[in-house]
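Subject: Structure for you to look at

Hello,

Here is the structure I said I would pass on. Please open it first and keep it beside you while you read the notes below.

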Amino acid sequence: MKLDFSRPGKPTDNPFAESFNGRLRAECLNEHWLLSLQDAQEKVDQWRHDYNHIRPHSSLGQVPPAEFAAQVSSSGYASG
């Protein structure tokens with residue numbers, strides 16, 4: 001295994017992570033005052049639950065990631 005880091009200033013090296021980071025920043029971190037580490041953890045956990053279990057994602061056929069994973073798992077599809 002070889003680690004391969006993104007080049008500084010080159011977000012196109014990993015567009016999926018950069019897209020997620022931007023969404024987290026815009027929808028969660030920029031929207032709340034984080035009063036303590038515990039408060040930050042609670043707010044990020046709430047956002048993560050919404051992102052993974054409630055919000056439909058267009059790239060997954062308008063279903064949340066948790067539902068998509070359940071559909072894939074129940075269909076018997078196994079990658080690898």
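The structure holds five salt bridges, a salt bridge being a side-chain nitrogen of Lys or Arg within 4 Å of a carboxyl oxygen of Asp or Glu. Before going further, note that this is a predicted model, in which local features need pLDDT of at least 70 and side-chain atom pairs count only at pLDDT 80 or more, while totals for chains, interfaces and linings use all residues. Residues are numbered from 1 along each chain as its sequence is written, and side-chain values use heavy atoms, with hydrogens and water left out.

Salt bridges

One of the salt bridges joins the side chains of E27 and R55, at 2.7 Å from N to O. E27 belongs to helix 1, whereas R55 sits in the loop between helix 2 and helix 3 (65-74), so this pair ties together parts that are 28 residues apart in sequence. Helices here are DSSP runs of H or I with at least four residues, and strands are runs of E with at least two, numbered from the N terminus. E27 is partly exposed, with a relative accessible area of 32%. For these labels, buried means under 20% relative accessible area, exposed means over 50%, and partly exposed lies in between (1.4 Å probe, protein chains only).

Another salt bridge links D45 and R48, whose closest N and O atoms are 2.4 Å apart. Both residues lie in helix 2, three residues apart, which is about one turn of the helix. D45 is partly exposed at 28% relative accessible area, and R48 is also partly exposed, at 45%. Elsewhere, salt bridges that share partners join R23, E27, D50 and R55 into one network.

Around K43

K43 is placed in helix 2 (residues 37-54). K43 forms a salt bridge with D39, with 2.8 Å between the closest N and O atoms. D39 and K43 are four residues apart in helix 2, about one helical turn. D39 counts as buried, at 15% relative accessibility.

What else does the side chain of K43 reach? It reaches the backbone oxygen of W33, at 2.9 Å. Leaving aside its neighbours within four places in sequence, K43 is in contact (heavy atoms within 4.5 Å) with C28, H32, W33 and L34.

Aromatic pairs

A search of the whole structure finds three aromatic pairs. Rings of Phe, Tyr and Trp (its six-membered ring) pair if their centres lie within 6.5 Å; planes under 30 degrees apart count as stacked, over 60 as edge-to-face and the rest as tilted. F20 and W47 form a tilted pair, 5.7 Å from centre to centre with 55 degrees between the planes. F20 lies in helix 1 (residues 15-29) and W47 in helix 2, so the pair ties together parts that are 27 residues apart in sequence. F20 is partly exposed, with a relative accessible area of 33%, whereas W47 is buried at 9%.

The ring centres of W47 and Y51 are 4.9 Å apart and their planes are at 25 degrees, so this pair is stacked. W47 and Y51 are four residues apart in helix 2, about one turn of the helix, and both are buried. Together, F20, W47 and Y51 form one aromatic cluster.

Annotation

The unreviewed UniProt entry carries the annotation "domain: Integrase catalytic" for residues 1-72. UniProt positions are given in the numbering used here, feature names are shortened, and annotations may be inferred rather than shown by experiment. The end C-alpha atoms of residues 1-72 lie 28 Å apart, and the span is 57% helix and 0% strand.

Regards

How values were computed. A polar contact is a pair of N or O atoms within 3.5 Å; within protein, one must be able to donate a hydrogen and the other to accept it, and residues adjacent in sequence count only if both atoms are side-chain atoms.
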